[in-house]
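Open the model in your viewer and keep the selection tool at hand.

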Amino acid sequence: MGLLTPDQLESFNSQGYLVIESFSSKDEIDSMVKRMEQLVDQFDPSSTASIFSTKNQQQLTDDYFFESAENISFFFEEKAFGDDGNLKQPKQLSLNKVGHALHEIEPAFKKFSSSEKASGLMSSLGYKRPVIMQSMYIFKQPGIGGEVVPHQDNSFIYTEPQTCTGLWLALEDATILNGCLWAIPGSHKNGLVRKFFRDEDGVKFDRPSPSYDQKDFVPIEVKAGSLVVIHGNLIHQSFENQSTKSRHAYSLHVVDTVGCKWAAENWIRRKVEPEPLYVN
């Protein structure tokens, strides 16, 4: 279950990403979406006003963000608040994402994250003792769902040698209009461009981002239930959601723990070691 064919492996190694259609069943998706609706309903926005941004997280980082590594935390879109500091629309339409430990704490998300098919996928990619370092429910809200600038997952989830793989599950159809993923095919072969690290002053990148030619990116439009497997060095991005439809997704970042070392300067500083999906 979940094991990749030789053709799929060849495509992933060549392109740096792979789309697996119908990876998740409608029942699995419904259980995650419904549980997230409940979590958001129970969430009190006045308890936090943490904003998530891929453009200037350096300024926006706070303890709430750091502690989210082992919690279920709620992050708003940059455009969610008016000049008066209040939300411009209901909280359900204002959140950027919820993270970063859904896979450990919430049964509906844990069931999918540690499923045989997810483990089989990681096994076919050669992982010996994979652990999920973070999970995110991404809303990509209609109208205000923000741009995610070109990046590589290894920048944020760094091991030596690099082992991060992203698993991006479409919970709703992802189209060009509502902010699907875009990637530069084969860009993973050029290595890691920069690192995102944490020190006593907060978080920052070790160097500026290169500029990319938008003509090099291809859209990855997928139906709900499709899984996009993303190499840790693949350059990928998504644009603002300019439609009237949301683009919900559930994203996992997995690293190996055999033959590699977790970087001490990563933003994630766990108090408890994560459980492996399996041990080979």
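Which residues of H2 are buried? Select H2 in this predicted model and pick out Glu28, Ile29, Met32, Val33, Met36, Leu39 and Val40, which are the buried ones. Now look down the axis of H2: its buried residues fall within an arc of 125°, so they line one face of the helix. Turn to the face that points away from this buried side, where the exposed residues Lys26, Asp27, Lys34 and Gln42 sit.

Next, check the length of H2, which runs over residues 26-42. At 1.5 Å a residue, its 17 residues should span 24 Å, and the end C-alpha atoms are 24 Å apart, which agrees.

Move on to the sheet. Select E5, E13, E8 and E11, given here in their order across an open sheet of 4 strands with antiparallel pairing. The edges are E5 (148-151) and E11 (218-220), each of which pairs on one side only. From one strand to the next, the twist averages 25°.

Within this sheet, select residues 181-183 (E8) and residues 236-238 (E13): these strands pair in the antiparallel sense over 3 bridges.

Finally, show everything. The protein has 7 helices and 15 strands. Its radius of gyration is 18 Å, close to the 19 Å that the globule rule gives for 280 residues, so the protein is as compact as a globular protein of that length. The C-alpha trace spans about 55 × 45 × 40 Å along its principal axes. Colour by burial: buried residues make up 52% of the 280 residues.

Key
Residues are numbered from 1 along each chain as its sequence is written. This is a predicted model: local features need pLDDT of at least 70, side-chain atom pairs count only at pLDDT 80 or more; totals for chains, interfaces and linings use all residues. Side-chain values use heavy atoms; hydrogens and water are left out. Helices (H or I, at least four residues) and strands (E, at least two) are DSSP runs, numbered from the N terminus. The expected span of a helix is 1.5 Å times one less than its number of residues. Buried means under 20% relative accessible area, exposed over 50%, partly exposed in between (1.4 Å probe, protein chains only). The arc is that of the directions from the helix axis to the C-beta atoms. Two strands pair if DSSP finds at least two bridges between them. Axes are lines fitted to C-alpha atoms, for helices over the stretch in contact, and angles run from 0 to 180 degrees between N-to-C directions. The radius of gyration is taken over C-alpha atoms; the globule rule is 2.2 Å times the number of residues to the power 0.38.
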